[in-house]
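Notebook open, structure loaded. I wanted to look up a surface patch and then a couple of individual residues.

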Amino acid sequence: MNREIKIAGLDCGKCAMALEERLKNIQGVTSARVDFMRQRIRLECSSQEAYDRAVGQINSFEKVRVLADERKEAAPSRRAEIACIVLSFVFLAAGILLEQFGKGSAMQIASYVLFGVSYLVVGWKILLETAKNILHGEIFDENFLMTLASIGAVVLGQYAEAAEVMALYSLGELLQSIAVGASRRSIASLMQLKSQTATLLTAEGEKTVPPEEIRKGDRLLVRAGEKIAADGVIVRGRTSLDTRSLSGEAMPKDVAEGDAVLAGCINAGGVIEVVAQKDYADSTVAKILDLVENSAEKKAKSEQFITKFAKIYTPVVCLAALAVAFLAPVFTGNYVAELGAWVKRALVFLVISCPCALVISVPLSYFSGIGFAAKHGVLVKGSTGLDALACAKIAAFDKTGTLTYGNFVIGKVYAEDGQHLLEIAAAAEKTSSHPLAEAFRDQDTRYIATDATEHAGYGIECTVEGKRVLAGNKKWMDVCGISVQNCEDDGTIVYVAEGGKYLGCIVIEDKVKENARSSLEQLKREGITACYMLTGDGKKRAEAVAREVGTDGVYADLLPDEKLAAARQLQKRGKLMYVGDGINDAPVLMQSDAGVSMGGVGSDAAIEASEVVLMRDDLSLLPFARRAARRTRSVVMQNIVFSIAVKAVIMVLGLFDLIPLGVAVFADVGVMLLAVLNSFRTRIGFSVKKSLQNNE
């Protein structure tokens, strides 16, 4: 049995790892995955008893609790926690004043009492958690480190420093919880795409149902202000749609009868009726929610490194601290006299060793970057997708629907009998699923094609009034032994033959996107070294488009397997980002290091095959996505280097007894907070609006 559990109170990345390990050790639990950022746990259990044991374990772990209602979670109240921390600092300050300025043994005892109250006000929970964790075999965590450091300070007579350890650590935990909560709330807005209910029109009248019950063919009533619950087609009414939640585009979209609409859009106008074209489970909003929910599953190498690093780092540091405390004095020549000083140094070493800054800030940076990109219309599949996008050096593009609009129209016709040619071609192309066939949809024809067979990368073969008809590119004519006259036009050429006789050719025109050239130029400013176009279109038309958009090279007349081979060839020059429509280009999207689906929202192939999905058909999103990915990766690297470097310096200073225990705690908390705050730089530092306008 598979279960997903919503939890609350998990504000520590290392705690999430510890909880995950504890759950995996429960008999009957075959797998456990704790999503720290989204506060969800995915369990695979062999029985209900194992599941119940897991729930009990979760509820007994620190401040974590299982939420009974999936849809409701009250904002955590921190008043009591804040009050305790304030009181702790007040008693600590009072104790320090008495210790410094008070006279007599009574004042000295009073200062010790104040230090003890300051310690216990915030420290009792930490002491309790340490005891519980030790009983469960979880020794090397931050609670253990702080408990050990503070008790060691008490043993050494450093009562003020013992209270400082607990007060500063508790303050750091509170600030960390607030920072993580802010990031979680920013991502939670994405999860509000889904409507809670849908109005189903049945023979008995209106019926309110959950979206999950919607099936293909159901008729839905959508009133003003309501979200569309499933992908469909408007069959009655007209309105304006707010598509911001899906595409990041603020401009309302006017729609009427016959127009397709996507789940998640908000009806900003009149009442409409929509016939669902898909089950809810296959709708755009369901795919997006699944993608966002599972983004944490795909971890980048840097994130995987931190996870593995944290597991071995703390035990190693604890052993090193023991060596510093009890072995280093051996070399001083006076073991007993120097023991206390070296124990104090070891305590400083322990406190600063806590890996919280790394464990929290690295996944937080990625999560923040993914949320920021999604807010502006770019869906990224986890930190692996962000890293792939940031590290790409070569960019390759499909032509049709990516660099061009893909709205094909019939241009010039070269034939002795142009009308007959058009009607024969229209009959053949109306049986085709190729994008070029759209140009013939409105072309009148008296003929009906039968026995149609589509040959990928070549064209179509069918029968019209007993004659074999061929329509496609020049390669198809050559394969079938049809001699044709080469057309010198720049458009895409469709050659047509009937009964083994060449009839003529038709030029299909497709307009290049206005911002294609500026978007490619912006990509190069963002570190892409070269841009190429891979297309199955003819060489002449492909080269004309390549000149217009400014690519560095073009591969034309490619069959699907040849396009894949070309992509592999480009990968030898550097990590490849490929941008395509996500359907015909699915193999290349999967082969590339960073597959980007252009305007592929709602397409199953787009979401499945690519690492990145642009949620609207706008090339200017691409350089923005690249810049956001590079910024996120830069922030991650900064946090890793900064955290390790500062900790190393403080550890060395502590070993040489150059800093007191309180400063070590302050440094540890400070590093963690700076790293967490730096994580939010994935969202700031450049104007999104300006970034997009640069490509218009």
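Predicted model: local features only at pLDDT ≥ 70, side-chain atom pairs only at ≥ 80, totals over all residues.

Started with the nonpolar surface patch: I get L319, L322, F326, V330, F331, Y335 and V336, with about 780 Å² of accessible area together.

Next I checked which helices supply the patch. Both α9 (301-326) and α10 (335-353) put in at least two residues each. The top contributor is α9, with three residues.

Y335 sits in helix α10. Is Y335 buried, exposed or partly exposed? Its relative accessible area comes out at 32%, so I noted Y335 as partly exposed, since that label covers values between 20% and 50%.

Moved on to T402, which I found in helix α13 (residues 399-403). T402 has a relative accessible area of 0%, so it goes down as buried. Then I asked what T402 touches once residues up to four places away in sequence are not counted. My list for T402 reads F397, K513, V579, G580, D581, M598 and L619.

Last entry, D618. I located D618 in the loop between β26 (612-614) and α21 (621-655). Why does D618 count as buried? Its relative accessibility is 18%, and the cut-off for buried is under 20%, so D618 qualifies. Leaving aside neighbours within four places in sequence, I have D618 in contact with N515 and M598. M598 is also on the list for T402. For polar contacts, I noted the D618 side chain paired with the side chain of S620, at 2.8 Å.

Technical notes: Residues numbered from 1 in each chain as written. Heavy atoms only, no water. Patch = residues over 30% accessible without salt bridge, like charges linked within 9 Å, V, L, I, M, F, W, Y side chains within 5 Å. Areas by Shrake-Rupley, 256 points an atom, 1.4 Å probe, with all protein chains shown as cover. Salt bridge = Lys/Arg side-chain N within 4 Å of Asp/Glu carboxyl O. Helix = DSSP H or I, 4+ residues; strand = E, 2+ residues; numbered from the N terminus. Buried < 20%, exposed > 50% of the residue type's maximum accessible area, 1.4 Å probe, protein only. Contact = heavy atoms within 4.5 Å. Polar contact = N/O pair within 3.5 Å; in protein donor to acceptor, adjacent residues only side chain to side chain.
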